[in-house]
Amino acid sequence: MSNPKIRLLSFDLDCPDPAELARFYGSALDLPVIHRSDDYVLLGREGAPGLGFLRQSGFRPPVWPDPAHSKQAHLELGVEDLDAAQERMLALGAVLPDFQPNPEAWRVLLDPAGHPFCLATHGI
């Protein structure tokens, strides 16, 4: 039995407004829109995995930190300067929650739809 080739096409986030979330992450990551419809927007570059946003009616964002209604998945964004990156993301519309488990090493922020994501200096 051979191993079939499997590749990541995209990582998709449910949200109430795909265009709004695509603007946020597109600006933050300097990624262009490569597909757009009323209910789905995909950011990326040709030939590379993308970041997609899928409209869900009745969307309920995860709660940070709350193990009963956890984040389930999150994006980890590599940065060189935590303070400068945090300032930029807040200016783009992110929210800084009060609970920060290790703010010297990474920062947890919430995107405009409420998904937690991290800014981290490890791996840079």
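Trainee: Which residue forms a salt bridge with arginine 107, and how far apart are the closest N and O atoms?

Mentor: Side chains of opposite charge can pair when their charged atoms come close. In this predicted model, arginine 107 forms a salt bridge with aspartate 83, and the closest N and O atoms are 3.1 Å apart. The pair links distant parts of the chain, since arginine 107 belongs to strand 6 (residues 106-110) and aspartate 83 to helix 2, 24 residues apart.

Trainee: Which side chain makes a polar contact with that of arginine 107?

Mentor: The side chain of glutamine 86 does so, at 2.8 Å. Glutamine 86 sits in helix 2 and is buried, with a relative accessible area of 14%. Once its neighbours within four places in sequence are left aside, glutamine 86 is in contact with Leu96, Arg107, Leu109 and Leu119.

Trainee: How many salt bridges does the count give, and which side chains meet at 2.8 Å, N to O?

Mentor: The count comes to 2 salt bridges. Aspartate 39 and arginine 55 are the side chains that meet at 2.8 Å, N to O. Aspartate 39 lies in the loop between strand 2 (33-36) and strand 3, while arginine 55 lies in strand 4, so this pair ties together parts that are 16 residues apart in sequence. Aspartate 39 is partly exposed, with a relative accessible area of 40%, and arginine 55 is also partly exposed, at 33%.

Trainee: In what order do the strands of the sheet with 4 strands come?

Mentor: The order is 1-4-3-2, in an open sheet with mixed pairing. Strand 1 and strand 2 are the edge strands, each pairing on one side only, and neighbouring strands are turned by 20° against each other on average, direction ignored. Strand 2 and strand 3 pair in the antiparallel sense over 3 bridges, and valine 33 has leucine 43, in strand 3, as its bridge partner. Helix 1 lies across strand 1, strand 2, strand 3 and strand 4, and runs at about 160° to strand 4.

Trainee: How should I read the sheet with 3 strands, and which strands stand at its edges?

Mentor: This open sheet has the order 5-7-6, again with mixed pairing. Strand 5 and strand 6 stand at the edges with a single partner strand each, so one side of each is left without a neighbour in the sheet. Strand 5 and strand 7 run parallel and are joined by 4 bridges; glutamate 76 stands opposite cysteine 118 in strand 7. Helix 2 lies across strand 5, strand 6 and strand 7, running at about 5° to strand 6.

Trainee: How many residues does the largest nonpolar core have, and which have the most contacts inside it?

Mentor: In soluble globular proteins, nonpolar side chains tend to be buried together. Here the largest nonpolar core has 22 residues, and those with the most contacts inside it are Tyr25, Phe53, Leu75, Met89, Phe117 and Leu119. Elements that each supply at least two residues of this core include strand 1 (10-15), strand 4 (50-55), helix 2 (82-92) and strand 7 (116-120), and helix 1 gives the most, with 5 residues. Not counting residues up to four places away in sequence, leucine 119 touches several residues, among them Leu77, Leu82, Gln86, Met89 and Arg107.

Notes. Residues numbered from 1 in each chain as written. Predicted model: local features only at pLDDT ≥ 70, side-chain atom pairs only at ≥ 80, totals over all residues. Heavy atoms only, no water. Core = buried A, V, L, I, M, F, W, Y, C linked by side-chain atoms within 4.5 Å. Buried < 20%, exposed > 50% of the residue type's maximum accessible area, 1.4 Å probe, protein only. Contact = heavy atoms within 4.5 Å. Salt bridge = Lys/Arg side-chain N within 4 Å of Asp/Glu carboxyl O. Pairing = 2+ DSSP bridges. Axes fitted to C-alpha atoms, helices over the stretch in contact; angles between N-to-C directions. Polar contact = N/O pair within 3.5 Å; in protein donor to acceptor, adjacent residues only side chain to side chain.
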